[in-house]
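Thanks for passing this one along. My notes follow the structure, as numbered points you can check one at a time.

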Amino acid sequence: MLDHIDLARLRDVLDGPWAAVRNAHREHLDARFLPVYGETGDQARERITRLLTELPAELGMASAFPTEYGGSSDVGGSIIASEMLAQVDLSLMVKAGVQWGLFGGAVAALGTRRHHDAYLRDIVSGTVFGCFAMTETGHGSDVQQLRTTCTYDPQTQTFDLHTPHEAARKDYIGNAARDGRMAVVFAQLITNGRRHGVHAWLVPIRDAQGNPLPGVRIGDAGPKAGLLGVDNGRLTFDHVQVPRDMLLDRYGQVAPDGTYSSPIENDSRRFFTMLGTLVRGRVSVGGAASAATKSALTIAVRYGDIRRQFGTPDADREVLLNDYLAHQRKLLPALATTYALHFAQTELVAALSEVQGGDGPVDEHRQRELESRAAGLKAAQTWHATRTIQMCREACGGAGYLSENRLPSLKADTDVFTTFEGDNTVLLQLVAKGLLTGYRDEFGSLDGWGRASFVAEQVREMVLERTAARSLIERLISAVPGRDDEVAVTDRGWQLKVFEDREKHLLDGAVRRLRNGAATKKDHPFDIFNDVQDHVLAVAAAHIDRVTLEAFVAGIEDTADTAVRALLSRVCDLYALSVIETNKGWFLEHGRLTPARSKAITSVVNGLLKDLRPHLRTLVDGFAIPDTWLHCAILREEPGRQDTMTAHDAAGDWQVVPA
Ligand SMILES: Cc1cc2nc3c(=O)[nH]c(=O)nc-3n(C[C@H](O)[C@H](O)[C@H](O)COP(=O)(O)OP(=O)(O)OC[C@H]3O[C@@H](n4cnc5c(N)ncnc54)[C@H](O)[C@@H]3O)c2cc1C
């Protein structure tokens with residue numbers, strides 16, 4: 001039996017280091033900021049744009065900017081702000097993310113002092129709305145191959161920005177269809193007849209009245225599945241003249257005579273370094289996906305605690321949904337994964353804040369680790385959101401399908417999170433690439449990953465960089481006795497060992513297959529990688545599972561309150577064992593679990609569900625989502641909504657159950 005939980009203590013643990021930012025949002029974002037169900041696209045866009053400018057100055061994602069430009073130099077706080085906005089309205093969060101994360105973030109990270117002084121104040125205050133125009137119709141994942149060109153002319157000291165064909169138009173661009181006045185445009189830089197790879201320019205696209213500027217063609221991306229309040233559009237440039245000083249030139253400069261210089265010689269490496277500085281967007285999308293998942297779980301759990309369906313012969317009331325094992329099987333493992341990802345995200349935000357929050361030079365190695373972790377957790381959190389929100393919709397039956405109960409918009413609005421800020425499958429390959437190269441300074445496009453010789457010679461040991469509690473995790477693993485069947489499946493050391501072992505084994509296997517491929521398919525580097533792609537993705541998934549578990553374990557270790565700690569520990573068991581249960585096939589195939597132990601895990605999971613059932617409500621209340629933010633009709637106290645009758649009494653009459 002778990003002890004009674006003091007909810008305030010659980011909330012303190014989950015709110016973590018940015019509790020003040022979370023509380024400020026909870027306090028100030030009232031019903032005005034909530035989604036309006038059933039509005040048209042135009043109404044949604046108008047409302048979201050207005051709300052963005054009405055966000056109180058101390059809230060929102062602009063906090064990442066330096067104080068001198070109106071921010072508060074709080075990178076971590078800006079990510080937490082995006083999580084909070086996501087629980088209020090996902091269109092508002094994405095619109096804010098485009099303005100302050102993508103557009104403003106690119107000006108800050110890729111520009112230099114003169115760009116900052118000229119534009120950041122207006123960007124932070126929302127006086128100038130802008131776009132982040134990278135993706136083209138023809139290239140979304142492989143953005144190194146963008147076709148838009150920006151060619152320097154020393155005579156006029158301007159760049160010529162041009163869209164050579166339809167597939168090179170900028171597509172899906174947030175803020176483009178309606179509000180953007182400027183755009184950070186990514187294009188191939190050409191000067192003195194030489195290409196220097198993709199760079200970014202700050203380009204005005206509309207005049208003060210909102211009309212497109214000469215040479216700029218703007219289209220609307222049209223109706224879409226969700227995020228109605230965000231104006232996604234298309235941009236085409238017909239030989240637009242861009243002054244030389246509008247090149248965001250932190251990583252590459254063009255002198256008046258057209259001479260190119262850069263602190264990073266290699267084009268590819270420079271480009272990936274530029275992209276790396278924009279990692280904040282990926283971290284906030286992952287966090288926002290988890291925030292939306294928490295809203296959906298809160299709705300489904302609370303509904304399952306009031307909704308009854310079917311009676312039993314021995315009870316005088318119908319059964320609560322949450323008392324069914326099948327319902328617990330849906331909700332609790334998803335909740336446990338949400339908790340695990342919460343701790344992993346907290347750790348990631350802390351790392352982001354350390355690596356990018358200071359004034360000093362960025363530690364290259366830590367930056368690479370950060371990029372890999374951000375990519376992996378973005379994929380894990382957004383896929384988890386898509387699956388879990390759908391499950392929560394089903395868990396609320398027909399009611400879950402009605403807009404007034406919030407779940408349809410959570411589903412529609414988070415759907416694309418698996419695609420933007422990097423397609424998840426492509427991101428997992430980035431994670432795997434980091435593991436295979438041991439964070440070596442290897443850059444290149446993701447499809448080919450370099451030459452076969454690179455694979456044969458340079459693939460090395462797995463880099464067991466660890467999450468926070470390094471020594472604790474090593475201690476727990478080394479305390480596990482030699483024979484698995486002597487250890488309880490709830491032994492934390494055993495769970496950690498199993499996760500680590502699976503990752504190592506998968507990585508070894510992928511390396512072996514790549515080496516074999518390199519030996520037999522020498523002249524076909526594409527085939528070498530493509531034939532192993534499923535295996536490589538499995539390595540990345542196993543890696544993310546491991547770092548997530550380790551972050552959860554570290555979070556529990558930091559929890560002082562014993563009752564909360566015990567509850568989290570049980571939730572962590574459920575997370576670890578659910579992952580093992582889901583991957584049971586692999587563990588059995590590889591002799592890592594005996595059939596008997598595999599069956600035992602299923603019954604231990606069922607036991608955990610029983611233990612945690614009384615705490616289901618506490619677990620979602622720990623997220624501290626204000627009732628108004630849930631914006632969900634089925635959770636409002638309305639007499640008559642839930643049946644209060646018993647089944648037939650002995651005389652065959654219906655009876656009202658006293659409140
Ligand atoms: C609503 C919305 C808003 C957006 N906002 C912006 C914005 O503001 N600015 C901006 O620049 N962009 C924006 N985007 C674009 C977004 O970033 C891209 O859509 C995304 O990067 C994916 O690119 P793609 O659409 O070309 O998909 P593709 O790259 O064509 O991917 C399609 C499929 O192919 C698979 N695939 C691709 N490459 C590989 C590979 N090597 N191996 C295996 N599978 C592969 C993918 O997994 C995916 O399933 C937005 C998109 C949407 C939908």
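**Notes on the model**

1. Over residues 276-436 the chain is 71% helix and 4% strand, with end C-alpha atoms 19 Å apart. Helices here are DSSP runs of H or I with at least four residues, strands are E runs of at least two, and both are numbered from the N terminus. UniProt, in an unreviewed entry, places the feature "domain: Acyl-CoA oxidase C-alpha1" at residues 276-436. UniProt positions follow the numbering used here, feature names are shortened, and annotations may be inferred rather than shown by experiment.

2. A word on provenance: this is a predicted model, where local features need pLDDT of at least 70 and side-chain atom pairs count only at pLDDT 80 or more, while totals for chains, interfaces and linings use all residues. Residues are numbered from 1 along each chain as its sequence is written, and side-chain values use heavy atoms, with hydrogens and water left out.

3. The span 131-240 is 0% helix and 45% strand, and its end C-alpha atoms lie 17 Å apart. The unreviewed UniProt entry puts "domain: Acyl-CoA oxidase/dehydrogenase middle" at residues 131-240.

4. Now the ligand: 17 residues surround it, the closest being F132, T135, S141, D423 and Q533. A residue counts as near if one of its heavy atoms lies within 4 Å. Helix 12 (424-437) and strand 4 (170-173) each supply at least two residues of this shell, and helix 12 gives the most, with three residues.

5. Which classes make up the shell around the ligand? The shell has seven nonpolar, nine polar and one charged residues. In this scheme Ala, Val, Leu, Ile, Met, Phe, Trp, Tyr, Cys and Pro are nonpolar, Asp, Glu, Lys and Arg are charged, and the others, Gly among them, are polar.

6. A backbone N or O atom of F132 lies 2.8 Å from a ligand nitrogen atom. For M134, a backbone N or O atom lies 3.0 Å from an oxygen atom of the ligand, and a polar backbone atom of G140 is 3.2 Å from a ligand oxygen atom.

7. Helix 5 (90-110) is among the helices that each supply at least two residues of the lining of the second largest pocket. Helix 5 also provides the largest share of that lining, six residues. By class, the lining has 15 nonpolar, 15 polar and nine charged residues.

Note on methods: Polar contact = N/O pair within 3.5 Å; in protein donor to acceptor, adjacent residues only side chain to side chain.
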